[in-house]
Each structure stands twice: as C-alpha cells, then as structure tokens.
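Me: I have a structure open and a few things to ask about it. Can we go through them one by one?

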Amino acid sequence: MKIEILPAAADVARRGAAAFEARVLAHPALVVALPTGRTPVDMYRMLAARKKEGGFDLSRATAFNLDEVLLPRRMPQTFFQFMTRHAWEPLGIPPDRRFIPDGEASEPEAECVRYEDAIVRAGGLDLAILGIGADGHIAYNLPGQAGPRTHVVNLDPGTIATLGGGLEGPLRAITMGIETIRSAKSILLLATGVSKAEALRRMRDEPAGEAWPCTLFRGHPDLTVIADRPAASQL
Ligand code: PGA
C-alpha cells in the first residue's frame, strides 16, 4: 500500500479532493463508494466549491454509500441525511444514482443481497473512498464483525455515541463487506488525527485478522492511504 503523509488535516482533505477529481476527469461515469464521518466533510466541501467553479462534475457518476444505520431515514443520525447534506446535493449526484442501504428495510438481510446486486449491476466499484476508525473499523466492518459481503452488524455503545443525538441501542447497521470494498479497482483511505495512529500502524504492520479489520485490506493492488502527521505518528 502507498502512504502519503501530509502536514495537516486540511492537506488530507485537499489531496483527497484532488485525487477524486482526477479520477472523475479520467472517467466521468465512474462508480464510487463514499464514506460518512467527520474525516470526509472537508473533502466534500472542497469538491462542492470546485463544482461551483465548474471544475468537478459528478453528473454521470454513480455513488454507493459504504454503510447505513437501521433507523427511519428522516432521523438526523442516518447516513441518508448526512449524505444528502454533505455530498449528494452539494456535489450534484443525480438522485437516481445515489445508492445507500435501506435503513428502513423490513428484512435487512435481503436488503444486503439487493445492495450487492445493485453494485454488480452498476458495473462494480471503480473507486472506494474510506475513513478508518480508531479501532481499525472500515465502513461498519467493526472488530469481530467484519464480513466478506454486505451484511448486518450490531453497533456497540461507543459507535452509537458517535452518531450523536443521544441515541441509545440496541442499534444495527448495514455495511459493505471487506470483499465488496476490496473489489474496487482503486482505494483511497483518508486518516486524520492522532486517534487513528494505532490503527494505521496495525494496518501496515500486523498480520491480517478480524480484530483489526483495517488489516484485511493489505495486498490490494491499488490502495493509497492519505494521512496527516498525527495519524501517521506511529508509522
Ligand atoms: P471519523 O470516522 O471520520 O468520524 O473519524 C471514521 C470512520 O468511522 O470510518
């Protein structure tokens, strides 16, 4: 895996935005997996500014969200709401090419199968943009709950707390699996802040294992980690 270390979080956002823009220029109809979380927010904001200038155009692209919580989609904690506000609307992704697992599905397992099929029907992922959890989770492949394909996971109290709004468990989510994400031709992983330092070190150095799902991505033919200095401080 390739690791680019930049001074600060804003540089990571800028580099991520530039890399994404370059891929879209080369392949306007690309199929991309997109993340939620704090890390990509600045990247989305920079890309929205580029779009306003006419420099970034996702009107032919297709976006698949990495994951979604099983909550009514009107709730502010859903990734449906996050993506509408931070990515789909500001980046101009056409409504019929915004894909996210249905957090209201009455049969979540069947929804997982449907979601995998939708990715295949779209032609497969060209690019996956990822964040990483301090515990090494990627999308919602949480420690001990990684799976190969799109699957249902139980969120732990710490993860539920990151969603805000005083949510209480139990709460489940649907996430792309490790192989779903690894099937992307190209992967960009953004990491900022010292809380990610241990996960990045283990991702690079430790034998692959489910306790640190990030380690399951090693060996991908085109994986680039873009980290700020604090996140790279254990490398
Ligand atoms: P964060 O989340 O960007 O909010 O740190 C990362 C993740 O959970 O993938």
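Me: Where is proline 95 found?
Reply: This is a predicted model. In it, proline 95 sits in the loop between helix H3 (79-91) and strand E5 (98-99).

Me: Is proline 95 buried or exposed?
Reply: Proline 95 counts as exposed because its relative accessibility is 63%, and the cut-off for exposed is over 50%.

Me: How far is proline 95 from threonine 84?
Reply: Their C-alpha atoms are separated by 9.8 Å. Along the chain, the two are eleven residues apart.

Me: New topic, the ligand. Which residues are around the ligand?
Reply: The residues around the ligand are Gly37, Arg38, Thr39, Gly131, Ile132, Gly133, His137 and Lys196.

Me: And by class, what does that shell have?
Reply: The shell around the ligand has five polar residues, two charged ones and one nonpolar one.

Me: Which atom of arginine 38 is 2.8 Å from the ligand, backbone or side-chain?
Reply: For arginine 38 it is a polar backbone atom, 2.8 Å from an oxygen atom of the ligand.

Me: What about threonine 39 and histidine 137?
Reply: Both use side chains. Threonine 39 has a polar side-chain atom 2.5 Å from a ligand oxygen. Histidine 137 has a polar side-chain atom 2.6 Å from an oxygen atom of the ligand.

Me: How much of the ligand does the protein bury?
Reply: The ligand exposes 280 Å² when taken alone, and the protein buries 82% of that.

Me: Which pocket is the ligand in?
Reply: The ligand takes up the space of the largest pocket.

Me: Moving on. Where is threonine 215?
Reply: Threonine 215 is in the loop between helix H7 (197-205) and strand E10 (223-228).

Me: Buried or exposed, and why?
Reply: Threonine 215 counts as buried, because its relative accessibility is 2% and buried means under 20%.

Me: What does the side chain of threonine 215 reach?
Reply: The side chain of threonine 215 reaches the backbone oxygen of tryptophan 212, at 2.6 Å.

Me: Now the backbone. Which residues does a cis peptide bond join?
Reply: A cis peptide bond joins glycine 169 and proline 170, with omega about -5°. Proline 170 is in the loop between helix H5 (157-162) and strand E8 (172-175).

Me: What is phi of alanine 139?
Reply: Phi of alanine 139 is near 50°, which is a positive value in a residue other than glycine.

Me: Where is alanine 139, and is it buried or exposed?
Reply: Alanine 139 is in the loop between strand E6 (127-130) and strand E7 (151-154). Alanine 139 is buried, because its relative accessible area is 9%.

Me: How far apart are alanine 8 and leucine 167?
Reply: C-alpha to C-alpha, alanine 8 and leucine 167 are 32 Å apart in space, and they are 159 residues apart in sequence.

Me: And where is alanine 13?
Reply: Alanine 13 is in helix H1. Alanine 13 counts as buried, at 4% relative accessibility.

Me: How far is alanine 13 from aspartate 42?
Reply: Alanine 13 and aspartate 42 are 5.7 Å apart in space, C-alpha to C-alpha, with 29 residues as their separation in sequence.

Terms used:
Residues numbered from 1 in each chain as written. Predicted model: local features only at pLDDT ≥ 70, side-chain atom pairs only at ≥ 80, totals over all residues. Heavy atoms only, no water. Helix = DSSP H or I, 4+ residues; strand = E, 2+ residues; numbered from the N terminus. Buried < 20%, exposed > 50% of the residue type's maximum accessible area, 1.4 Å probe, protein only. Near = heavy atom within 4 Å. Polar contact = N/O pair within 3.5 Å; in protein donor to acceptor, adjacent residues only side chain to side chain. Areas by Shrake-Rupley, 256 points an atom, 1.4 Å probe, with all protein chains shown as cover. 1 Å grid on protein atoms, 1.4 Å probe; cavity = no way out; pocket = protein on both sides within 12 Å on 5 of 7 lines; lining within 4 Å. Sits in = over half its atoms within 2 Å of the grid points. Nonpolar A, V, L, I, M, F, W, Y, C, P; charged D, E, K, R; others polar.
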